[in-house]
Amino acid sequence: KALIAVASWAKDTVPVTLRLDWKRLGVPKSGATLVAHLIEKFQGPAEFKPGDAIPVAPGKGWLLELSAEP
């Protein structure tokens, strides 16, 4: 598992597509998910797949847990 933080200070919502070094992370891309857990007053729950565009609102961000099924 890995924790990834993304944020934006752009004026508009920005779609972000992560480019990850899977080997260095030690997480297989196959079956991987990025999960944003509910954090009161910070972020709602969401789930993304590798390659998905992640919408990052102005002045906001995400804490994403990267994991893969064995």
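Predicted model: local features only at pLDDT ≥ 70, side-chain atom pairs only at ≥ 80, totals over all residues.
Colleague: Let's begin with the aromatic rings. What makes F48 and W62 an edge-to-face pair?

Modeller: Their ring centres are 5.6 Å apart and their planes stand at 80 degrees.

Colleague: Happy with that. On to T33: why is this residue called buried?

Modeller: Its relative accessibility is 12%, and buried means under 20%, so T33 qualifies. T33 belongs to strand β3 (residues 32–36). Leaving aside residues up to four places away in sequence, T33 touches E47, F48, K49, E65, L66 and S67.

Colleague: What makes β3 largely enclosed by the rest of the structure?

Modeller: Five of the five residues of β3 are buried, and that is why the strand is described this way. Both faces are covered, with A32, L34 and A36 buried on one side and T33 and V35 buried on the other.

Colleague: And which strands pair with β3?

Modeller: β6 pairs with β3 in the antiparallel sense over four bridges, and L34 has L66 as its bridge partner in β6. β4 also runs antiparallel to β3, joined by three bridges. There, L34 stands opposite F48. At least two bridges are needed for strands to pair, so the four bridges to β6 and the three to β4 meet that cut-off.

Colleague: Now β1. Why does A2 count as buried?

Modeller: A2 has 17% relative accessibility, and the cut-off is under 20%, so A2 counts as buried. This residue lies in strand β1 (residues 2–7) and touches L25, L64, E65 and L66, not counting residues up to four places away in sequence.

Colleague: Which face of β1 is covered, and which is uncovered?

Modeller: A2, I4 and V6 make up the covered face, while L3, A5 and A7 make up the uncovered one. β1 pairs with β6 in the antiparallel sense over six bridges, and A5 has L63 as its bridge partner there.

Colleague: Good. How do you know that K1 forms a salt bridge with E65?

Modeller: Their closest N and O atoms are 3.7 Å apart, and the limit is within 4 Å, so the contact between K1 and E65 is a salt bridge. The structure holds one salt bridge. K1 lies in the segment before β1 and E65 in strand β6, so the pair ties together parts that are 64 residues apart in sequence.

Colleague: One last item, the surface. Which residues form the nonpolar patch?

Modeller: L3, I39, F42 and L63 do, with about 350 Å² of accessible area together. F42 is in the loop between β3 and β4. With a relative accessible area of 41%, F42 is partly exposed; patch residues need over 30%, so F42 passes that cut-off.

Methods: Residues numbered from 1 in each chain as written. Heavy atoms only, no water. Phe/Tyr/Trp six-rings, centres within 6.5 Å; stacked < 30°, edge-to-face > 60°. Helix = DSSP H or I, 4+ residues; strand = E, 2+ residues; numbered from the N terminus. Buried < 20%, exposed > 50% of the residue type's maximum accessible area, 1.4 Å probe, protein only. Contact = heavy atoms within 4.5 Å. Patch = residues over 30% accessible without salt bridge, like charges linked within 9 Å, V, L, I, M, F, W, Y side chains within 5 Å. Areas by Shrake-Rupley, 256 points an atom, 1.4 Å probe, with all protein chains shown as cover. Salt bridge = Lys/Arg side-chain N within 4 Å of Asp/Glu carboxyl O.
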